Amino acid sequence: MTIIKSKDNPHIKLYLKLAGSKKERKNYGMYVLEGYRLVVDALMEDSKIASLFLTESAYEKYSSELSQADLREVNVLIISNELGIRISSTEKTQGVFAICRAAAEKEFEASAKSDGKYIVLYQLQDPGNVGMIIRTADAVGIDGIILSESCELYNPKVVRSTMGSLFRVNIFPDENIEKIITTMQEKRITTYAAVVDSDAQSLSQQIFGPGSAVLIGNEGNGLPDDISSKCDKRVTIKMKGNVNSLNAAMATGIFMWEMTKGNHRQKYGQ
């Protein structure tokens, strides 16, 4: 068994290129994964892993479990424990890495359902927020996340923050916001602008029917007025005390729960 020890190995060089550059990820149509659970989720969801890297320690620990997965089209490589530490982007690596082929981009216009429930992220820039929102959408059953001028979907921090939900949620990246709103209108999907404004409707009084979409704006600036004014309704989370805003991922999670709570009641008989 050959053990890769050098960062100059062409497979490792490609991994590092993809890990460090949005441009390279786009050029190659690939992105990276790190962590045992994330890689297993990718294998379970048939997410087109091209190369799998295991450190010597990880190979001893996980090889029997990974052998149950379909690895016929996966290039499995063993790397030294020291090299694993050098290429890791986490403080304590599990020694499991992968290069994954990016899925073909979906067009919202072609996939939009008139009774679907969607979240539109406009100019969100924090990878942790975007990843957390995707994970929450998976948990509550949102029909799709639309990224408009937001953080790159395959940014390693976004991928890691989704904790595998990336492979299960319908995601529509890099859509033009005007086109999105037009598509919503054509599909008769009601649009809600999430705003921090005392004059907006309170979320607690809002009922989301079939065919609804909430637009979430930038972490610091929120939705621009010219965008929120195009939405059917403006909705806010009324807050007590001296709190006047919430973290974008937290606020979006609250909106998603309200959008889908009827589904949860039906499922659990509440």
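Predicted model: local features only at pLDDT ≥ 70, side-chain atom pairs only at ≥ 80, totals over all residues.
**Exercise 1.** Classify the ring pair of Phe108 and Tyr118, and state which elements the pair ties together.

*Solution.* 
1. The ring centres of Phe108 and Tyr118 are 5.0 Å apart, with the planes at 85°.
2. Planes over 60 degrees apart count as edge-to-face, so the Phe108 and Tyr118 pair is edge-to-face.
3. Phe108 belongs to helix α6 (residues 108–111) and Tyr118 to strand β6 (residues 117–122), so the pair ties together parts 10 residues apart in sequence.
4. Phe108 counts as buried, at 1% relative accessibility.

**Exercise 2.** How many aromatic pairs does a search of the whole structure find, and what parts does the pair of Tyr15 and Phe97 tie together?

*Solution.* 
1. The search finds seven aromatic pairs.
2. One of them, Tyr15 with Phe97, is edge-to-face, at 5.7 Å centre to centre and 85° between the planes.
3. Tyr15 lies in helix α1 (residues 10–20) and Phe97 in strand β5 (residues 96–101), so this pair ties together parts that are 82 residues apart in sequence.
4. Both Tyr15 and Phe97 are buried.
5. Tyr15 and Phe97 form one aromatic cluster with Phe53.

**Exercise 3.** Describe the largest nonpolar core and the contacts of Phe255.

*Solution.* 
1. The largest nonpolar core has 53 residues.
2. Leu33, Ile49, Ile119, Val214 and Phe255 have the most contacts inside it.
3. Leaving aside neighbours within four places in sequence, Phe255 is in contact with residues including Leu203, Phe208, Val214 and Ile237.
4. A second, separate core has 20 residues, among them Ala112, Val120, Met184 and Ile189.

Methods. Residues numbered from 1 in each chain as written. Heavy atoms only, no water. Phe/Tyr/Trp six-rings, centres within 6.5 Å; stacked < 30°, edge-to-face > 60°. Helix = DSSP H or I, 4+ residues; strand = E, 2+ residues; numbered from the N terminus. Buried < 20%, exposed > 50% of the residue type's maximum accessible area, 1.4 Å probe, protein only. Core = buried A, V, L, I, M, F, W, Y, C linked by side-chain atoms within 4.5 Å. Contact = heavy atoms within 4.5 Å.
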